[in-house]
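Hi,

Here's the structure I said I'd pass along. Have a look through it, and then read on for what turned up.

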Amino acid sequence: MTLTNRELTRYDRQIRMQEFGKKGQENLKKAHVVVAGAGGLGSSAGIYLATSGIGHISIIDHEAVELSNLNRQILHWERDIGKSKVESAVEKLRQINSDIEVTDIEKEIKEENVLELLKGADAIVDCMDNFHTRFILNDAALKLNIPFFHGACYGFEGRATTIIPKKTPCLRCIIPKSPPEKKVPIMSTTPGTIGTIQATEVIKFFAGIKPLLTSKLLIYDSWYLTYDLIKIERNRKCPSCGG
Ligand SMILES: [Zn+2]
């Protein structure tokens, strides 16, 4: 997939990185990335995937924008309150980059429809706010054999890991059971940082740049401003990827 003159200019600064180059940019252009969740993580991940030139981004969400979302969900503005999140997100991403394709999928992710929703995807970015849906996506990524970029936030803390099916631990290897579902406290900027890290991983993956956050869990603490990398291993008895 060759790059147009406009694209060569648009992405000039990243193409200038030797490890990235035109080849890396072409690979980004070919990629179809599904962003699952148009909240705090989906906002920052979505913006950087769009500005970086991922050729096709699909956004899945089924909720509407609320006033209490606006402290962290930067794709949604005051004028969007009451509008569907995918509609609001897709409108902004198309304005950010009209050279890429952006698809809106206004659906709730369930076990019954997940494979249909992910049709044609080359990667999934986990921007969900609950582990029930994260596990559905984790299992779908394993089935489809596509990478799964996990991110999660709680208060001042954020976590991220990159899951390559059958090669690295999956989400269920490291978190066997769903934590209780409730509205968690979130510092406004934490999903901004973690979503940006997820987008970085996606871009590096398609550009073929290593190392990635594979078999490693990144723990970011915005209170003490620390980033810790913890080595994680596959669980042979994992109900999702073991055996
Ligand atoms: Zn597993």
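I'll start with a cysteine: Cys238 counts as buried, because its relative accessibility is 4% and the cut-off for buried is under 20%. Keep in mind that this is a predicted model.

So what does Cys238 do here? Together with Cys170, Cys173 and Cys241, Cys238 coordinates the zinc ion through SG atoms, at 2.2 to 2.3 Å. The angles between the four donor atoms run from 94 to 122°, so the arrangement is tetrahedral. Along the chain, the donors are spaced as C-x2-C-x64-C-x2-C. That brings distant parts of the chain together: Cys170 sits in the loop between strand S6 (157-163) and helix H8 (171-174), while Cys238 is in the segment after strand S8 (226-231), 68 residues away. Cys170 is buried as well, at 1% relative accessible area.

Now for the cores. The largest nonpolar core has 41 residues, and Val33, Leu49, Ile54, Ile59 and Val125 have the most contacts inside it. Several helices and strands supply at least two residues each, among them strand S1 (32-36), helix H4 (40-52), strand S5 (148-154) and helix H9 (190-207). H9 gives the most, with seven residues.

Beyond its neighbours within four places in sequence, Val33 is in contact with Leu49, Ile54, His56, Ile57, Ser58, Ala123, Val125, Val202 and Phe206. There's also a second, separate core of 27 residues, including Ala36, Ile136, Leu142 and Leu171.

Cheers

Conventions: Residues are numbered from 1 along each chain as its sequence is written. This is a predicted model: local features need pLDDT of at least 70, side-chain atom pairs count only at pLDDT 80 or more; totals for chains, interfaces and linings use all residues. Side-chain values use heavy atoms; hydrogens and water are left out. A nonpolar core is a set of buried Ala, Val, Leu, Ile, Met, Phe, Trp, Tyr and Cys residues joined through side-chain atoms within 4.5 Å. Buried means under 20% relative accessible area, exposed over 50%, partly exposed in between (1.4 Å probe, protein chains only). Helices (H or I, at least four residues) and strands (E, at least two) are DSSP runs, numbered from the N terminus. Contact means heavy atoms within 4.5 Å. Donors are N, O and S atoms within 2.8 Å of the metal (3.2 Å for Na, K and Ca); water is not among the atoms, so sites may look incomplete. Four donors count as tetrahedral if all angles lie between 85 and 135 degrees; four count as square planar and six as octahedral if opposite donors are over 155 degrees apart and all others between 65 and 115; anything else is irregular.
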